[in-house]
Amino acid sequence: MEKKKLAVVALGGNAILRGTQKGTVEEQNQNVRDTLENVVYLIKEGYNLIITHGNGPQVGNILMSDDAGVKMYDLPPMTLDMCVAYSQGQIAYMIERNLRNVLREHGLERNVMSLVTPVVVDEHDPALQNPTKRVGRIYTREEADKLIAEHGWIFKEEIKANGGWRRVVPSPAPMDVKNAELVERMAREGNIVVTVGGGGIPVYEDGKGMLQPLEGVIDKDLASAMIGGKVKADELYILTDVPYIYKNYKKPDEEILEVLDYADAKKYLDSGMFGEGSMAPKIRACLAFVENGGKKAVITEATKLEDRRFGSKITMHYE
């Protein structure tokens with residue numbers, strides 16, 4: 001019997017919450033359901049799947065709600081790692097419930113299981129001193145200035161959508177994923193596994209080998225590439241809000257880069273061709289995935305998965 005391909009599918013933030021939405025439960029569930037309808041194509045093609053997801057908007061909203069509770073009711077504040085865990089369980093539940101319903105409607109039988117996943121980082125990672133991960137909603141300059149004055153939060157200008165400002169928090173690089181062997185075994189048995197949500201809950205190992213919490217939000221694409229390497233996945237799909245990788249994006253000489261080998265993708269990345277707040281982290285994740293044995297990494301919109309030719313593909317060599 002031919003061995004089934006194993007793919008990691010990373011759901012971007014827009015798969016759960018769109019930029020113009022308030023983030024109601026109804027909105028998020030509908031977005032998740034719409035995205036998963038497109039992922040069904042891979043299941044029908046016989047793939048075994050691991051699903052990962054972002055949490056930027058949700059973890060930011062949790063932080064704001066937590067802050068309001070501290071102010072109004074003198075509740076003890078939640079740490080950032082706890083907020084990540086909160087968002088991980090919340091989103092994984094939405095994915096699992098909606099995917100079970102979508103599978104049933106398509107007459108497909110697969111178990112779906114969600115894992116709350118710690119991801120090990122370096123407690124001395126320089127990224128902890130240079131916040132870059134965008135979380136929460138977009139604010140006006142005046143709103144951001146008020147929050148900076150009240151809390152000392154750090155904001156950066158938003159380069160997508162219609163501009164504005166978003167809070168940034170530290171984003172340490174993932175080093176190891178706990179329970180990776182279990183994830184691989186379950187996925188290869190045909191179970192769909194939801195894991196490393198929001199990049200995973202950041203932890204570090206102390207001098208005694210004990211896991212300790214760390215304040216940060218790990219990039220979900222880098223974490224997705226890492227779990228892909230750990231489980232020896234064949235393919236990585238990063239689902240985002242653009243159908244292709246673009247050279248000189250939104251410039252007069254914009255060009256679609258449909259198929260890239262490792263060397264060209266790295267050359268364009270090193271030259272600053274891709275925005276640090278948008279495409280660059282996704283390119284790094286794809287490069288890391290193929291470096292570690294992945295056969296193909298694809299960046300595209302969820303709606304393009306079923307197209308015969310879709311998305312931008314990064315491989316070690318041209319296909």
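Y246 counts as buried, at 15% relative accessibility, where buried stands for under 20% relative accessible area, exposed for over 50% and partly exposed for what lies in between, with a 1.4 Å probe and protein chains only. The model is a predicted one, in which local features need pLDDT of at least 70 and side-chain atom pairs count only at pLDDT 80 or more, whereas totals for chains, interfaces and linings use all residues. Residues are numbered from 1 along each chain as its sequence is written, and side-chain values use heavy atoms, with hydrogens and water left out.

Rings of Phe, Tyr and Trp (the six-membered ring of the latter) were paired if their centres lie within 6.5 Å, with planes under 30 degrees apart termed stacked, over 60 edge-to-face and the rest tilted; by this rule the count comes to 2 aromatic pairs. In one of them, Y139 and F155 have ring centres 5.7 Å apart and planes at 85°, so the pair is edge-to-face. Because Y139 lies in strand 5 (residues 133-139) and F155 in strand 6 (residues 154-157), the pair ties together parts that are 16 residues apart in sequence, strands being DSSP runs of E of at least two residues, numbered from the N terminus. Y139 is buried at 7% relative accessibility, and F155 is buried as well, at 9% relative accessible area. Y246 and Y249 form a tilted pair, 5.4 Å centre to centre with 35° between the planes, and Y249 is partly exposed, at 41% relative accessible area.

Charges also sit over rings, a term that requires NZ of Lys or CZ of Arg within 6 Å of the ring centre and within 35 degrees of the ring normal. The charged end of R141 is placed over the ring of W165, 4.0 Å from its centre, while R167 lies over the face of W153, at 4.0 Å from the ring centre.

Technical notes
Helix = DSSP H or I, 4+ residues; strand = E, 2+ residues; numbered from the N terminus.
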